[in-house]
Amino acid sequence: MLKTFKIGGVHPAENKISAGKPIKDLPIPNEVKIMVSQHIGAPSKALVKKGDEVKVGQLIAQSAGFVSTNIHSPVSGKVVKIDQITDTSGFKKEAIIIETNGDEWDESIDRSDALIHETTLDGKAIVEKISSAGIVGLGGATFPTHVKLLPPPGAKADVLIINGVECEPYLSADHRLMLEKGDEILIGTRLLMKALNVDKAYIGIENNKPDAIENLTQKALRHQGISVVPLKVKYPQGGEKQLIKAITGREVPSGALPINVGAVVNNVGTAFAVYEAVMKNKPLIERIVSVTGKTIKEPSNYRVRIGTPVNNLLEAAGGIPENAGKIISGGPMMGKAVTSTDIPVTKGTSGILIMDEKESHRKEIENCIRCGRCVSACPMGLEPFLMMPLVENNDWERCEKEMITDCIECGSCSFTCPANRPLLDYIRFGKASVTKIIRTRKEK
């Protein structure tokens, strides 16, 4: 019997229409815009200035704290300016803009295809390499990876979980990576195990990717302590707490982190990036991005340099369809609609989805009928129907009591609501407001 989490969950149409498309290299753009804040935590501090010449892989922005990351140039060329530009949030933020000239790489980066199996580095040195390379969670959360590998005092990991679920509808970047870079992912997993000093790792993959399960299962036979776990298809199984529950049976308490139950979760893309950082001395300068949608001419998966304009991706996939209603960064459940195709790809850009006018149109909001579907669907056991009016009335004390901060923003509540109520929109706003209140309280 396939494993899964027990509380809540929904089954949106999968629409994995780009899953059969091999990864292609997107041409290097004429100009890149590198956000200095493309990770959870403090924005990085720019180290370059207008007129500076840079190489691929050169450090251009430095980590500004423990929860922050380094940023490296994805291209060679000249820094034309440091400016405020609009990102996926819709707000203007600082970016380093580089005009491309050729493709000259830092000499320290190993660009060969040779597979490197072993390293003499110890766990501490591996963490330092990961931190130096600017690796973050590539499943979308962009949490700095080195922070996960350095548990707080009194906490100890005993298991590593690699997230190959990719439960968001439409997206297939992780699926293709597991098919094409399985050896590198497994070596990266071993490196993460060494960094954490654990002897057991599980790779969770939903059963709608049988080819990826078979590929990694066969390759894992050569790697002691690594097991592939097929999972029942259910959204949002890619959530850390849901994945830990499905694979280990452990329950992460309210307000706690995975490390509190001895688990650390990393995405398969992150494991691959760790391999490249440690074994090839290659910082995180590119990632795999799915470009997809029912009306896209050529749904595809691309290897893309960070900072590439989204418009370049869309042009490569056949352009924006005439009936396009929304362009979404990410998947339809947790992604965000963007206001411009000039925004750049960041470390957290897992996909670009085009939804047509009919598919993207929001239906008229009706009164809540207290059917309880949102409660049944919530994987965190919350009551979304109650939280929306609490947020409307700015009742932050009650919101905190109802554990609004436990929401993982998966969108299952809005997806299942027959009254078309924008439950997640309100809960997301309320969660941010309550989090700010809690933070202010702790600082006093």
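The legends below describe close-up views of a predicted model.

**View 1. The four-stranded open sheet β2-β8-β7-β4.** In this sheet, 4 strands lie in the order β2-β8-β7-β4, and their pairing is antiparallel. The edges are formed by β2 (31–35) and β4 (53–54), each of which pairs on one side only. Strand β4 is joined to strand β7 (residues 77–86) by 2 bridges, and the two run antiparallel. Within this pair, Val-54 has Gly-77 of β7 as its bridge partner.

**View 2. The three-stranded open sheet β3-β5-β6.** This sheet has 3 strands in the order β3-β5-β6, again with antiparallel pairing. Its edge strands, β3 (45–46) and β6 (71–72), each pair on one side only. Between β3 and strand β5 (residues 59–62) there are 2 bridges, and these strands run antiparallel. Opposite Ala-46 stands Ala-61 in β5.

View 3. Strand β12 (residues 263–267) is mostly covered, with 5 of its 5 residues buried. In a regular strand, side chains alternate between the two faces of the sheet. In β12, Ala-263, Val-265 and Asn-267 point one way, while Val-264 and Asn-266 point the other way; all are buried. Strand β9 (residues 159–163) pairs with β12 in the parallel sense, over 5 bridges. Asn-163 stands opposite Asn-267 of β12.

View 4. Thr-145 belongs to helix α2 (residues 145–148). Thr-145 is buried, with a relative accessible area of 1%. Leaving aside neighbours within four places in sequence, Thr-145 is in contact with Ile-130, Ile-135, Val-136, Gly-137, Leu-192, Asn-266 and Thr-270. One of these, Asn-266, is also among the buried residues of β12. Lys-24 lies 121 residues from Thr-145 along the chain, and the C-alpha atoms of the two are separated by 26 Å.

**View 5. Packing of helix α3 on helix α5.** Two packed helices are described by the angle between their axes and the distance between the axes. For helix α3 (residues 173–180) and helix α5 (residues 210–220), the angle is about 35 degrees and the axes are 9 Å apart. Their crossing is left-handed. From α3, His-175, Met-178 and Leu-179 meet Asp-211, Ala-212, Asn-215 and Leu-216 of α5. The residues of this contact divide into 4 nonpolar, 2 polar and 1 charged.

View 6. The peptide bond from Tyr-235 to Pro-236 is cis, with omega near 5 degrees. Pro-236 lies in the loop between β11 (226–231) and α6 (240–248).

**View 7. The buried residues of helix α11.** In helix α11 (residues 384–392), the buried residues are Pro-384, Leu-386, Met-387, Met-388, Leu-390 and Val-391. Just after α11, Asn-394 takes a positive phi of about 55 degrees.

View 8. Glu-409 is found in the loop between α12 and α13. Phi of Glu-409 is near 60 degrees, a positive value in a residue other than glycine. Asn-420 is in the loop between α13 and α14. Asn-420 is not a glycine either, yet has a positive phi of about 60 degrees. With a relative accessible area of 26%, Asn-420 is partly exposed.

View 9. The structure holds 0 disulfides.

Notes: Residues are numbered from 1 along each chain as its sequence is written. This is a predicted model: local features need pLDDT of at least 70, side-chain atom pairs count only at pLDDT 80 or more; totals for chains, interfaces and linings use all residues. Side-chain values use heavy atoms; hydrogens and water are left out. A disulfide is a pair of cysteine sulfur atoms within 2.5 Å. Axes are lines fitted to C-alpha atoms, for helices over the stretch in contact, and angles run from 0 to 180 degrees between N-to-C directions. A crossing is left-handed if the near helix is turned anticlockwise from the far one by less than a right angle, and right-handed if clockwise. Contact means heavy atoms within 4.5 Å. Ala, Val, Leu, Ile, Met, Phe, Trp, Tyr, Cys and Pro count as nonpolar, Asp, Glu, Lys and Arg as charged, and the others, Gly among them, as polar. Two strands pair if DSSP finds at least two bridges between them. Buried means under 20% relative accessible area, exposed over 50%, partly exposed in between (1.4 Å probe, protein chains only).
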